[in-house]
Amino acid sequence: MVFTMALEEYKRKRKFEQTPEPPPKLEPKTGHRFVVQKHDATRLHYDFRLEMEGVLKSWAVPKGPSLDPADKRLAMHVEDHPVSYFDFEGTIPEDNYGAGTVMVWDVGTWQPLSPVPVDGKYVRGTDAEATAMLAKGDLKFRLDGKKLKGDFALVKMKGHRPGSKGNEWLLIKKHDDHEIEGYDIDAYDGSVLTNRSLDEIAGHAGSEWTSSRPASRGKLKAAWLADAVAKLDKKNSAKKAKPAVKKKLKS
Ligand code: MN
């Protein structure tokens with residue numbers, strides 16, 4: 001397996017014997033795919049990833065992307081992810097980095113746009129231009145996804161704000177035929193791979209675990225152990241706050 005600097009941070013943050021996420025493998029050949037993953041972690045956010053330079057360049061977008069050019073979405077530049085993360089959907093276990101449920105919200109292809117418009121329109125650029133635009137902090141690109149289409153820019157914010165880590169960018173839709181005024185991301189919810197909601201993905205991953213609980217609880221004779229399990233159940237259901245799972249635990 002090939003490890004490189006590009007994926008060192010990804011590797012350092014994760015315990016691969018515990019998480020179902022893919023290993024930090026650098027791809028020798030770079031395609032032009034993109035993915036947006038809806039991630040129900042400590043704080044719900046969307047991870048926007050562009051396949052570039054053998055990895056997925058990644059930004060965490062708290063409110064998710066928008067097709068309304070009036071929305072300038074905060075996008076925190078985070079560590080590169082391996083390209084095989086492209087179709088990762090599932091649950092990262094508790095006590096692991098990014099613990100929570102991941103949905104593949106959108107997938108598709110992207111292409112770099114030229115840094116400067118020609119006759120007022122952005123035309124196709126080169127990979128070298130994309131690399132230069134990324135380094136400069138003003139990356140223009142066109143998406144052809146199932147949900148996201150059209151021209152966008154990722155623009156790095158000048159780090160003058162107090163407490164800024166210098167990783168704050170803005171994801172902005174450009175004006176074109178694909179823009180939607182008042183875009184509501186929740187109207188486009190669901191996995192593009194499996195059609196599932198976050199709850200369904202979480203429930204599917206945890207269903208065996210929850211259904212086995214009542215049976216094992218019956219064997220708990222020691223009061224202190226039963227008490228500990230009850231506390232853990234309470235903690236887990238409070239943490240997850242998923243009505244469907246709660247119902248299963250009670251029945
Ligand atoms: Mn994330």
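Predicted model: local features only at pLDDT ≥ 70, side-chain atom pairs only at ≥ 80, totals over all residues.
Let me start with Ser197, which sits in the loop between strand 9 (168-173) and helix 3 (198-217); helices (H or I, at least four residues) and strands (E, at least two) are DSSP runs, numbered from the N terminus. Residues are numbered from 1 along each chain as its sequence is written, and side-chain values use heavy atoms, with hydrogens and water left out.

Ser197 has a relative accessible area of 26%, and is therefore partly exposed, a class that lies between buried, under 20%, and exposed, over 50%, with a 1.4 Å probe and protein chains only. Between Ser197 and Trp105 there are 92 residues of sequence separation, yet from C-alpha to C-alpha the distance in space is 9.5 Å.

Turning to the whole chain, we have 5 helices and 9 strands, and along the sequence they follow the pattern α-β-β-β-β-β-β-α-β-β-β-α-α-α. The chain has 251 residues, of which 43% count as buried. If we take the contacts (heavy atoms within 4.5 Å) with a separation of 6 or more, 59% of them are between residues 24 or more positions apart.

Strand 2 runs antiparallel to strand 1 (residues 33-40), with 7 bridges joining the two, and two strands count as paired if DSSP finds at least two bridges between them. A hairpin of 3 residues links strand 1 to strand 2, and Asp40 has Leu44 in strand 2 as its bridge partner. With strand 3 (residues 55-61), strand 2 again pairs in the antiparallel sense, over 7 bridges, and here Met52 stands opposite Val55. The hairpin between strand 2 and strand 3 has 2 residues between them, and Glu53 in that turn has a positive phi of about 55°.

Finally, which residues coordinate the manganese ion? They are His39 through ND1, His45 through NE2 and Asp47 through OD, at 2.1 to 2.3 Å, and their spacing in sequence is H-x5-H-x1-D. Donors are N, O and S atoms within 2.8 Å of the metal (3.2 Å for Na, K and Ca), and because water is not among the atoms, sites may look incomplete.
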